[in-house]
Each structure stands twice: as C-alpha cells, then as structure tokens.
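Please go through the model below with this short report beside it. Each section takes up one topic.

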Amino acid sequence: MHAELICFERSCRARYAITAVLYNCPQCGGLLEATYTGTMPAAEDLKRTWRARRLDNSPLEQSGVWRYRELFPFLDDYRHVVTLREGNTPLLDAPIAARYGGLGRLTFKHQGFNPTGSFKDNGMTCGAAQAVRLKMQRVACVSTGNTSASMAAYAAAAGLQPVIFIPHGNISYGKLAQALEYGARTLQVEANFDQILALVRVLAERLGIYLLNSINPFRIEGQKSIMVELMDQRDWRVPDWVVLPGGNLGNTSAFGKALREMKALGLIDRLPRLAVVQAEGSAPFYDLMRQPGGARLRAVGHPETLATAIKIGDPVSWPKAIEEVTASGGVVEKATEQEIADAKAQIGLCGIGCEPASAATLAGIRKLVAAGTIDRDADVVAVLTGNVLKDPDYIYRYHTGQLKDPHGETLASTYGNQPIVVPNDPDRIAALLG
Ligand SMILES: *Cc1c(COP(=O)(O)O)cnc(C)c1O
Ligand SMILES: [Zn+2]
C-alpha cells in the first residue's frame with residue numbers, strides 16, 4: 001500500500017509525503033489526513049486474519065490497535081511500533097444505565113480499560129510510532145490531561161522526551177500525576193487550552209519538537225481501531241447508534257473515517273448513526289450543527305465544564321467532524337453539569353464507572369431517547385472514553401454534596417452515597433446495617 005497525507009479541504013486536496021512533518025496544509029491551512037492507495041485484501045480475508053491474530057502472543061498482534069493495521073498502513077517498518085498493548089477494551093452490558101437512558105438495552109465500549117486509562121492510547125501508539133520513524137527526539141502536546149498522560153507513557157516507552165503543556169489549575173490530579181510519573185517535562189501555562197495550542201505550534205517549529213496533539217493525523221488513524229475492534233467484537237453486526245462525547249472532535253473524526261472506510265471495504269453493510277454529546281458550557285459544535293450548511297464554527301471564548309476532557313472552546317477537528325456526523329445521519333446533543341454528574345453516578349451503579357466527560361454519553365442518550373430521536377429499542381453503543389479513577393475528587397464531592405459547578409453553584413447529590421462515620425460498637429453498626 002502507498003500512504004500519503006492529503007488536505008481535507010475539498011477545494012484543495014493537496015498531497016504530501018507521508019513522512020512530511022506537517023500538522024496543517026501549507027497551501028490552505030486545512031486539516032490533513034492519511035490516505036492510502038493500492039489493493040486491499042478481501043473483507044472476509046481481513047476478518048479471518050484479525051481473528052487469528054488474537055491467538056498470537058507477539059506484541060504487535062496483542063495490541064488491539066496494530067492487530068488492525070491493514071486499515072492504517074502508514075508505516076513502512078513495524079519495528080518502529082511502540083505498544084503498551086492498548087485497545088482490547090471490553091463491551092459491557094449495562095442494564096441500569098439502559099433503564100436510566102430510557103433504552104431496552106445499552107452497551108458500553110469502555111476505553112478506560114486502556115494502559116493509561118483513556119482512548120488517547122489508541123491514537124498515541126500510532127503517533128509515537130510515527131515520531132520514532134521520523135527520528136524525532138522530543139514530542140509535545142497541549143492537553144486537558146489524558147493526552148499528556150498517554151503521550152508521556154508512550155514517549156517514555158519509546159525513549160523519547162515528552163514535553164507537556166497544560167492550562168494552569170485546570171487539570172485533574174490523577175492525570176497530572178500520570179504525566180509526572182512517566183517522566184514528562186511538565187509546563188503549566190497561564191492561558192487556556194486554545195491559547196496554549198497556538199503557543200506550542202510556534203515552539204514545535206522553532207525547537208524541532210514533534211507535535212502529538214489531536215490534529216496529528218496519525219493519532220486519528222490509531223483511533224479508528226476503536227470502531228474496528230467494536231465491529232469485530234460484535235461479529236460485524238452494525239449498531240443503530242454510536243454515542244460519544246465531543247471535545248476537540250478527533251474521536252468523532254476518527255470514528256466517522258473508520259466507519260466509512262469499513263463500509264467501502266465491505267466489512268460492514270451500513271453506517272451506524274453518530275451521536276456526539278458536548279457539555280452545555282463548552283458546546284460550539286452543538287451550536288454549529290444548528291446553523292445553516294456551510295457555516296463555520298464559532299469558538300466559545302471561555303469554555304466551562306467540570307468534565308475537563310471536553311472543556312474545549314475551539315475544537316480543531318470540527319471540519320472533519322461535521323462531515324462525519326452528517327454522512328452518518330447523526331446528531332449533536334448537549335448536557336448540563338447536573339445531567340452529566342447524575343448520569344455518571346448511574347454508570348457507577350452498573351459496577352462500571354467512568355470519568356465525567358464519558359458520562360456525557362448517557363446524559364445525552366437520556367435526552368435523545370426522551371425526544372424520540374433514538375428509539376427505545378434501538379441497538380446503542382456508547383463509548384466511555386476514560387477511567388473512573390481519573391478524577392476521584394469529582395466523585396467524592398458529588399457523593400458528599402460538595403460538587404460545585406463552574407459558577408460556584410452546588411450540584412444536587414441526586415444519587416449520592418455518603419460514607420458514614422460509626423462508633424466502634426457492633427450493636428449500633430448491626431442496627432444501622434439492618
Ligand atoms: C480527549 C477526551 C475526550 C474528547 O475527545 P475528542 O476527540 O477531543 O473529542 C472525551 N473524553 C475523554 C475521557 C478524553 O480523554
Ligand atoms: Zn489544503
């Protein structure tokens with residue numbers, strides 16, 4: 001297969017070498033994506049190969065990303081791969097969450113089971129491999145947390161120096177702690193996410209650092225594996241809906257691209273509809289979908305949400321995301337802080353749990369089912385993007401009635417579960433427990 005980078009803008013479509021160090025099209029500023037030419041194996045052969053690889057103990061085949069490498073053949077040498085055995089995440093039935101959402105049945109694909117606890121690992125293994133191939137020594141990203149945790153781990157595993165930039169005071173300790181532990185040089189900048197992104201682009205160019213933000217086309221290629229693994233796990237039965245939270249919209253772009261490519265190859269016979277859910281205080285993509293066709297995204301200057309992983313006012317991948325959502329006949333919904341917090345507690349009650357941004361999925365499903373957009377008996381898969389332990393502070397505050405929204409208003413502890421202080425007295429404890 002021959003791999004190239006191609007400008008996503010329809011009026012441009014300029015092509016560049018797959019080894020060019022570019023994040024935007026030099027001719028028009030558009031987003032870039034990887035594209036491949038050549039003959040692919042037949043769908044049935046791919047399915048058989050991928051299934052057989054699950055029995056192979058080599059690191060490449062044990063990776064739930066690289067096992068599907070025929071769908072993103074951008075490397076010329078698989079010795080460049082850095083894997084922590086990412087992917088391989090479970091599909092979990094969640095009857096309690098289904099009932100809460102108004103559905104007969106709901107399945108979670110839980111990306112929080114990844115090595116650093118979020119779906120960022122699916123993309124980062126590809127981004128890190130490309131950095132190794134390009135003989136880079138340093139890699140950098142701006143992050144609300146999970147990208148930096150993931151990049152730090154993969155860079156460390158690959159022998160690269162990770163440099164992370166984070167908005168000062170705006171990141172959960174779980175994520176920051178990971179980056180420190182994996183040895184990242186960590187710079188807390190007094191600016192918001194979108195401002196820091198502009199800063200880092202300048203620095204990357206000046207210092208020859210490889211950027212691994214979600215705009216990096218190789219991360220998007222890796223995140224396609226989430227949809228491929230999902231379909232493989234379902235024996236290629238396509239769900240009616242795939243629901244996911246939207247921040248920078250890299251995942252929305254990756255899922256859409258993967259699904260279209262799988263359909264073109266005959267791996268699946270139709271596209272599921274994508275439902276993207278944003279937090280109300282950080283919902284520029286929701287607003288865009290309500291504008292007439294051809295409108296441009298209007299950034300939210302001061303995005304606000306406790307779901308820090310989707311606290312993005314100016315999502316870079318919106319031009320791709322809007323095409324993917326539209327192509328799938330999808331929708332964009334938004335949820336309040338209270339709706340996200342309560343949905344998160346319900347996911348916890350399934351014995352599953354997730355971080356706040358992930359719970360936007362169930363909050364959105366509940367609204368979309370109530371509105372009749374999603375049928376009650378639809379076959380729905382929601383992607384939980386991050387692990388429950390990413391933000392323990394949020395959890396403790398919610399359950400003890402101390403969780404405040406970004407305006408300082410205390411949220412209701414609707415499904416709160418307070419720890420109880422008891423005396424060292426078996427009779428009284430027995431009475432309490434009934
Ligand atoms: C990064 C992230 C998101 C947002 O994904 P985008 O691709 O930026 O839309 C959502 N949830 C979690 C847990 C994340 O880490
Ligand atoms: Zn271009």
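## Zinc site

The site of the zinc ion (ligand 2) is tetrahedral, with angles of 95 to 115° among its four donor atoms. Four donors count as tetrahedral if all angles lie between 85 and 135 degrees. The donors are C7 (SG), C12 (SG), C25 (SG) and C28 (SG), at 2.3 to 2.4 Å. A donor is an N, O or S atom within 2.8 Å of the metal (3.2 Å for Na, K and Ca); water is not among the atoms, so sites may look incomplete. Along the sequence, the donor residues follow the spacing C-x4-C-x12-C-x2-C.

C25 is buried, at 4% relative accessibility. C28 is partly exposed, at 39%. Buried means under 20% relative accessible area, exposed over 50%, and partly exposed in between (1.4 Å probe, protein chains only).

## Basis of the model

This is a predicted model, in which local features need pLDDT of at least 70 and side-chain atom pairs count only at pLDDT 80 or more, while totals for chains, interfaces and linings use all residues; side-chain values use heavy atoms, with hydrogens and water left out. Residues are numbered from 1 along each chain as its sequence is written, and chains are lettered from A and ligands numbered from 1 in the order in which they are written.

## Domains

The protein is divided into domain 1 (1-39) and domain 2 (91-116 + 218-399). These bounds come from an automatic or database domain assignment. The centres of domain 1 and domain 2, taken over C-alpha atoms, are 27 Å apart. Ten residues of domain 1 are in contact with nine residues of domain 2. Contact means heavy atoms within 4.5 Å.

## Aromatic pairs

The structure holds eight aromatic pairs. One of them joins W50 and Y68 edge-to-face, at 5.2 Å centre to centre and 75° between the planes. W50 is in helix α1 (residues 43-53) and Y68 in the loop between α2 (59-62) and β4 (91-93), so the pair ties together parts that are 18 residues apart in sequence. W50 is buried, at 0% relative accessibility. Y68 is also buried, at 0%. The rings of W66 and F74 have centres 6.2 Å apart and planes at 50°, so this pair is tilted. Rings of Phe, Tyr and Trp (its six-membered ring) pair if their centres lie within 6.5 Å; planes under 30 degrees apart count as stacked, over 60 as edge-to-face and the rest as tilted.

Both W66 and F74 are buried.

## Charges over rings

Two arginines can be looked up here. R69 lies over the face of Y78, at 5.4 Å from the ring centre. R366 lies over the face of Y100, at 4.0 Å from the ring centre. A charge sits over a ring if NZ of Lys or CZ of Arg is within 6 Å of the ring centre and within 35 degrees of the ring normal.

## Buried residues and their contacts

Q130 lies in helix α4 (residues 120-133). Helices (H or I, at least four residues) and strands (E, at least two) are DSSP runs, numbered from the N terminus. Q130 is buried, with a relative accessible area of 0%. Leaving out residues up to four places away in sequence, Q130 touches I18, T19, F74, L75, Y210 and F218.

M227 is in helix α8 (residues 217-233). M227 is buried, at 0% relative accessible area. Not counting residues up to four places away in sequence, its contacts are V242, F255, A258, L259, M262 and V383. M227 and L267 are 40 residues apart in sequence and 12 Å apart in space, C-alpha to C-alpha. T107 sits in strand β5 (residues 106-110). T107 is buried, with a relative accessible area of 8%. Apart from neighbours within four places in sequence, T107 is in contact with L91, L92, D93, V380, V381 and A382.

## Positive phi

Most residues other than glycine have a negative phi. D235 has a positive value, near 55°. D235 lies in the loop between α8 and β10 (241-245). Phi of L249 is also positive, near 75°. L249 lies in the loop between β10 and α9 (250-264). L249 is buried, with a relative accessible area of 2%.

Methods:
Tetrahedral: all angles 85-135°; square planar, octahedral: opposite > 155°, others 65-115°.
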